[in-house]
Number of protein chains: 2
Amino acid sequence: MLQDFTICINTDFVFGRDAQRKVGEKLTGLGVKKVLIHHDNGKFLYDTNLLEDLQKDLDSFGIAYTELGGVLPNPRLTLVYQGIELVKREEIDFVLAIGGGSVIDSAKAIALGALYDGDVWDFFLGKAEPKKTLPVGVILTCPATGSESSMVAVINNTQAGMKLLVSNPVLRPALTFMNPELTCSLPKFLTACGIVDMFSHVCERYFCPEDEIGVIDRMSEGILKTLVDIGPKLLKDLGNYDYRAEIMWIGTIAHNNTVGIGRVQDWGTHEIGNELSALYDTPHGATLSIIMGSWMRYVFEKKPERFARYAEKVFGVERREGKEGTLEAARKGIEETEKFFRSLDMPISFSDFRIPEDGIEEMLDHIPFRGEDDSIGGIVRLNREDCRNIYVMAL
Amino acid sequence: MLQDFTICINTDFVFGRDAQRKVGEKLTGLGVKKVLIHHDNGKFLYDTNLLEDLQKDLDSFGIAYTELGGVLPNPRLTLVYQGIELVKREEIDFVLAIGGGSVIDSAKAIALGALYDGDVWDFFLGKAEPKKTLPVGVILTCPATGSESSMVAVINNTQAGMKLLVSNPVLRPALTFMNPELTCSLPKFLTACGIVDMFSHVCERYFCPEDEIGVIDRMSEGILKTLVDIGPKLLKDLGNYDYRAEIMWIGTIAHNNTVGIGRVQDWGTHEIGNELSALYDTPHGATLSIIMGSWMRYVFEKKPERFARYAEKVFGVERREGKEGTLEAARKGIEETEKFFRSLDMPISFSDFRIPEDGIEEMLDHIPFRGEDDSIGGIVRLNREDCRNIYVMAL
């Protein structure tokens, strides 16, 4: 059931109230001299003095710093280049991201490029393999992507019209400071987008070709069930610390491979959904809620048992015996999935988000089909025609 | 629900068939020059050429090594001293344990003492705090204690008549090689002891004072359920790779705090059971299966809701509504726990293991009661009288 794997989640987490006040102490422990504070100009720092307090903290430990703000969603390569230059010029030895996935990914790319003589874009094109980076730290203010301990960074090269990903264990941040209080002022839609993203990160791993059920599957079911339980409660009570804490930690474990080891992962929903972001700038979480139900409906009959189990364990669907009972439960689980997204006020179709129908062929042109079968996906392989069908189902 | 916590599980895991053949390559990556190979003279190396193959592998990478065998269960401080001297004399820069918990703990103590000028026992007495150790690696051959990525080491000072524990993040091994094939020849009783130990490691964390149920609780239930599902199957099919793999990974996550963060843990069963090992040399897993049911019966009425939920989620016990239904389900869950241990041929009472009744007061004398209430435990605090009652219930 567990295929061979390697894993090392070597991020040092400080979690809880006032976590961000431990930065100076922790960086002193690492011998850091000068920090690049990287952020998005406070986009996610509602009602806090986070930046000011951080600077005081660093001052009190005698750690120097330079600031680089301006990170945009779908973080830009141009700013990464600027950061690399700054780091090299000012002899910076630590990159600290304050923000969510975009800022963290931008910080990772800067830290990677800072120790490389060539063009950092080489790593994204697969022309070079990451071997080392400056250490990266994170003060997480928007949980969703899991980038605070994942080995992934996604950067947008607008000049080349390419948004590419690099994945390597050296990209896991060294330090992550997680204070759920800092997320209590996140608005509803961003919060919901994060929850959908986490849900999808677990599903992309849970829906694997393996028939047997093992410990990783059951842990995944526990995470999904908690999102279904707490997600809607949090949206009605956005300042609730306990709910924020649960969601924040789930964002981390959903994407650092705690529940991704030893299996063939899927990622069909992400790859199909990503093209909606590329063409229409649809927020990532919304692309997932739009595609996921249709993806499930398109593939579940090839692995009905796993989908029926998902329905039972995550949504408490009752299941009749026999093949028809399995299919019926699986269908019910898919309905429940979409009901869950709706309860978060997230779209489940193109029309819900006023996305036009006429871009499908263009999106299909950009999906990175690969392998001998020119397909994507894990639990079921999907070619161009399959993906077209899924887009159409999601209209 | 999630209390403040810090965690960093910085162990690099290589898991799967042939994992142990990656040692030379990985150590070369770390720049290791000379290894202390620490073991128990092949006690757990049935039918393999593990040691010989390892030496060939190290030779091929030009890494020198020295051997120190002879580790006993409840690893001895005397051997630790010998190891420290050897490491210092031969300028060893890496300690590699081949074995289970005893060998790993002995290796950790050697690696800790090697970089300390005083007596390594100081750390166990709390007179010194661990700051650094030589890097430790593990080829795991007997999964149970989770020491392959935990921050704990337990050493037996037979001269002083003390078995003490040191716990610190610097004690997490740097590298762990886990090949389930190497555990396929473990005999039935040792396998069962390991399963009970893992089950208890999760229970000690799951049975916490918190009333709300969050993601860590649900992940814990998934681990426990998998042990209940796979444990008995493995005992009937000891060479089954898939079952061995599941059990091996569960041993790791059960004790590295993946499901221990953000909560007050209990550890009552361990502390009460440990005295059976001290006085009668009862194997650790057996002390836990003997004590756990009685511990549960003694404490469950103070937190019936959590015990009823455990019964439902781990053993599928049906639960009637109302307070009586909760208590009834909780009682049923305790019965099922003992049935599960019995299905593994493990003892659930003193008499099952022919342990006499007359040592109870002596054992009580050694339980490390502490705090203002002179007690142990987390979900319910237990004083001397409580522990006496639990021993008597377990006769």
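Buried area is the accessible area (1.4 Å probe) that two parts lose on being put together, summed over both. The legends below describe a predicted model, in which local features need pLDDT of at least 70, side-chain atom pairs count only at pLDDT 80 or more, and totals for chains, interfaces and linings use all residues. Residues are numbered from 1 along each chain as its sequence is written, chains are lettered from A and ligands numbered from 1 in the order in which they are written, and side-chain values use heavy atoms, with hydrogens and water left out.

**View 1. The area buried between chain B and chain A.** About 3200 Å² is buried between the two chains, and carbon and sulfur atoms give 62% of this area. Of the area that chain B buries against chain A, 20% is supplied by Met1(B), Leu2(B) and Arg218(B), more than by any other three residues. Contact (heavy atoms within 4.5 Å) involves 37 residues of chain B and 37 residues of chain A.

**View 2. The relation between the two copies.**

**View 3. Pairing of β1(A) with β1(B).** Helices (H or I, at least four residues) and strands (E, at least two) are DSSP runs, numbered from the N terminus. Strand β1 (residues 5-15) of chain A runs antiparallel to β1(B), and seven bridges join them; strands pair if DSSP finds at least two bridges between them. Within this pairing, Thr6(A) stands opposite Val14(B).

**View 4. A salt bridge across the interface.** Two salt bridges are found between chain B and chain A, the criterion being a side-chain nitrogen of Lys or Arg within 4 Å of a carboxyl oxygen of Asp or Glu. Asp229(B) forms a salt bridge with Arg218(A), with the closest N and O atoms 3.2 Å apart. β1 (5-15), α7 (215-236) and α8 (241-253) of chain B each supply at least two residues of the side that touches chain A. The largest share of that side, eleven residues, comes from β1(B).

**View 5. Positive phi in two loops of chain A.** Asn74(A), which is not a glycine, has a positive phi of about 55° and is placed in the loop between β3 (64-68) and α3 (77-89). Arg354(A), also not a glycine, has a positive phi of about 55° and lies in the loop between α12 (322-343) and α13 (360-366).
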